[in-house]
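Please provide a short report on selected strand pairings, a helix contact and a loop residue.

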Amino acid sequence: MTTSGRLSPAAALTVLVLGLALATPAVAQDSPSFNEDDLFGSGDVVEVVAESERGSAMESLLSSDVARLGGSISGSVTPSWKWFDPWADGLDPTSPDSYGLEPALSALVYFDGRPSQSTRFYGSVKTAWPFDDADNTRVFELFSDFSWNDSLYFRFGKQTINWGVGYFFSPANVMNLQTIDVLDPGAQLEGPVALRVNYPVPGTQHNLWAYAVFDSADMKPEETALAAKAEFVYGGWELGVGGYYKKDDPIRGMLTAVGSVGQISVFGEATLQLGTSRTWVTEVSSALVSTNFVTTTDTADYDDTVFFKGTTGLSYSNSESGITVMGQYLFDGEGYSNADRDDRITEARDDEAAIKSLLGDDALYSLFLKGLILNSGRHYAAASFSKSDFLVDDLSFTMFAVGNLSDFSAYLKPSLSYAFFDGMSISLSTLFAVGFDSGEYVVLNDGRAFGVSIALTLGSGAF
Amino acid sequence: MKRIFAIVAIALAAIGQAAVAQDAPAILAELDRLGDFSGVDFSAVYTIVSQKPGEKDTVTQVRMFRRDARKQFAMLIVLPEVNKGQGYLREDDNVWFYDPTSRKFSFSSIKENIQNSEAKNSDLTQRSILDDYDVSSVVEGVIGKIPVWILDLTAKTKDVSYERVVMHVRKDRTMLLKQEDYSVSGRLMRTSLYPKYAEISGRLMPSQMLFIDELNPGERSQLTMTEQSLSALPDKVFTKAFLEQVNK
Amino acid sequence: MNTIANIALRNLSRQKKRTILLGSAIAFGVMIVTLINGFAGAFSANVAENFSDLMAGHIFISGTEKGPDDKDVSVIRDDRALTSAVAASGAPIRYVTRRSAFSGTLIFEGKKLRTNVDGADLEKETFLRDRLLLKAGSWDAMAEGNALILSEKIARKLNVDVGDNLLVQLQTATGQNNVGEFRLAGISFDTGIFGQMMSYANLAYVNELLGLAPGEYQTMGIMLDGLKHTESAAAGIYDKLSGSVQLFERGAKGSDGAETPFQALIRQQKKESWEGVRYRLFTINEVLSQIKQIVAALDTTAAVILVVLFVIIMVGIANTFSMVMFERIGEIGTMRALGVQRGGVRSMFLFEALFLALGGAVAGIALALVAMGVISLFDFGMDSPAFLIMRNGHLSFFLPPLRAVGNVAIIAVLTLIAVASPAGKAARLTPAEALRTQK
């Protein structure tokens, strides 16, 4: 879930409406004196501030003589233990079915250069231990901002493109290279190389956005993906309408809405697409060795089919009681029908022995099954509830749940976190994977699992 | 938390209250005139230090851009470090929050949060002291070493936040140095001190403000302003594009 | 078919230990759920009676005036028209109460808490003394003007004792900041979820804090001879009132008498303006539509518990039956060899599961009924924290029969689903294969 020290958007929003009330221990600030005699000891209370230039305060933010370097480091050590099917087999705390220790160390380093008010160069690199693994170090963002006449704002380069408004799920998020991880929905997603143009409609908060996305370094002009979005603010609601086109890809249209009902923020997102880039498995059999044991559909057969995906959710946050609630439902029109899912899983199970022996490795079969079943449903829901200062100060409780409503399997993760001091916190989580034998979250967790993990976060922070 | 919002909200209301005083109504009129920021843009860096008994002092620093004429503000967080780069844009009841760590904008139109906070009525909307209060007495006094007029004001209507307000206004140059706010029942609720002023474009405004919560002993806060500016801000400051450009 | 069912029954009795274990798991689940359902069933009726006592009325009239800045100010300044309308309606009235209330922050030695304080004329509202039992302090201390009674929970949170002085920060009816000082006269027994609503002070002082004149108040409560008269009396009083004062339309209600939060929101946003005081008449039933929501929440909780319990139990059942299937491979092979069809084998397993589920569920409901009977024999007394939800100090239950039947059906279906896969596997065994793998 979100790391400590970073506000979730919902929490931050509450903070905003209450005013910036974010607190940190005093640094380099003397405690103010409240003694009137000290304060008004001399008649000299007026200091003259030089007349500033138009927009100088803004300029100091937008341009800088030196490039800023910054970043963040996060480190943690997480021992975890897992038991499978403790409901049936009995839970023996001394002999977990699997256990491990996961040390993690990662860092993001960025530079931010602003030679003039209208130009900015930004780049960031992510790296993670072990460092000799080439995949662990990569350029995460690299873009330049420039503008024309304070009305058209351009960004060119590798950048995150957040299109949807969903929190746990966002079907409109089609341009980023990553999709949202429901376990860490606040994380920044890696984006493609693209050109973005933003036009804020003068005198309003409406915005028009246009994108050209470049997929590879070696491509034809006609392979560029084009997208556009308009955002309107009307009566307490922000509405978005957009479209996405790329040759040989399904053409997509989307609508988004964010607003509030009483104290609750609500959001919704709907996408329609003509055609699909997904292929569905139509048969699983050990006889199909040459095609990885499956036959699949051909995307071309669905070129005239319209697929709908929609999601809606809500968030509620009460800063006084420290409670934040998020909930979201997703309908995925590209998911399997229940009958098809069941048939494929049954086929895979029936042929388990044969496929295993052909693969020569039981673990590969497990991966094969997980790949088959991942995101195969049509109905999903996720929710989280968190309470800060739970029972005692600095202790927070979070309950996270995600469920596949098509096969009634779910993954639940209640956790308790305690911050000892800046730089060290501990989080105790338990996880439950529940459902039927072939339920998505049961398969993904290698069975109806019960797990315990203790994450010790050490010396993480930003600079 | 809400306390800090209250402080920020009243900061502008208290800004710029100076003139040469002859009589009480003239002083109030001058305070009103100088407190009226409806036609100008304002920007500054706000630093708020809050104290609560038994807790560490907390420091919040933001860069604020305001255009009251259109009920707009853009605000960027400087401190605490973990929230640095986060930005807020407000127009009317619509608020956008930009989080640089996810590069996401979140939108909200929940207004009750402000209405429920301690910042009430006069703290949030520009009001006229002269219209709201009658002067019940004016006496001379000294605060520290500075001679002041002590104006005792009583609310004219029943919907102003404080039934009685006592203002200590500097004699030689109209500056509010101290203000005490009383409840309907006559109890002192809040004392505000304005020990430092800045003069900008010939206009006086407090640059240091101290707020003492008289009902909760030990709860007090200090707001200091630096880099104040009254010069016009470009329209682009109040756009999402700006928030995205200026983040860390 | 009969034979198959018989075999299923015999199989169950053959493995007595296992059957009893699984059956009692089911029975336990059903019992819990039935108890919650039964509790929820009686909840609303008990709460309605107790609530009308606490709120001091079955019918309420409140006044709203347009204050400065078009703000709504809650006040009844002159109640002669109300009193005569109430008298003229001929409703069976036991007594009439006049109250003011505010929501404010209590402050005591660095501790703060937001709560509601009701101002009541304790000289006249003598019944309050009978209802609200004090754990500490005394009613006599309420003679002091600024006396206050807090619930146990609030007193504990603020860490106050009888005799302590507390500050209260609030806003007057017109929105001005105000501060008052209370002296804690008594601490009442905690009344559970409604604990926060149970702070009482003298009407005169609450009026003073709210900026109301001594003779004014905010809500008139009319206590009738019984809950059953509520709607007819309300209609009568409304009718009489409509001739003499300005009235709000009676709440925009749905067919069940409840207003959805959404409707309420829409109504609030409708901007209206008027001169003088306008009155609103509402009944305990409208207030209690929230109680109905609690009942619905309890029922939902019961359903969720039912599902969670049964997901867990089903996992057990599914595993057990998988085991059973392996144990009986030989038997199945024999049965198949003797000409029993696939369907028969499947049915045998399903029957076993069904009998198990039905047996467990019926036992569970029976257990629940026994438990209800036993629990309702206890006298918790009127000083119990939960007296609001009780009938004269006893917990009472009402189990809607359809719900019980529904629970049994849900369990039967879930159990059948759990067993579907092992049963299917058993049915798919070919006689030869089954006999070959015989242990």
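## Strands, helices and a loop

L428(A) lies opposite I454(A) of β21(A). The model is a predicted one, in which local features need pLDDT of at least 70, side-chain atom pairs count only at pLDDT 80 or more, and totals for chains, interfaces and linings use all residues. Residues are numbered from 1 along each chain as its sequence is written, while chains are lettered from A and ligands numbered from 1 in the order in which they are written.

Strands (E, at least two residues) and helices (H or I, at least four) are DSSP runs numbered from the N terminus. Two strands pair if DSSP finds at least two bridges between them.

| Partner strand in chain A | Sense | Bridges |
|---|---|---|
| β2 (residues 68-84) | antiparallel | seven |
| β20 (residues 424-434) | antiparallel | nine |

In β21(A), S453(A) has S80(A) opposite.

Helix α6 (residues 352-359) of chain A packs against helix α7 (residues 362-373) of chain A at about 120°, with the axes 8 Å apart. In the contact (C-beta atoms, placed from the backbone, within 7 Å), E352(A), I355(A), K356(A) and L359(A) of α6(A) meet D362(A), L364(A) and Y365(A) of α7(A). These residues comprise four nonpolar, no polar and three charged.

In chain B, F37(B) occupies the loop between α2 (24-35) and β1 (41-51). F37(B) is buried because it has 20 C-beta neighbours inside 10 Å, the cut-off being 20 or more. The C-alpha atoms of F37(B) and R67(B) are 8.7 Å apart, at a sequence separation of 30 residues.

Conventions:
Buried ≥ 20, exposed ≤ 12 C-beta atoms within 10 Å, placed from the backbone. Axes fitted to C-alpha atoms, helices over the stretch in contact; angles between N-to-C directions. Contact = placed C-beta atoms within 7 Å. Nonpolar A, V, L, I, M, F, W, Y, C, P; charged D, E, K, R; others polar.
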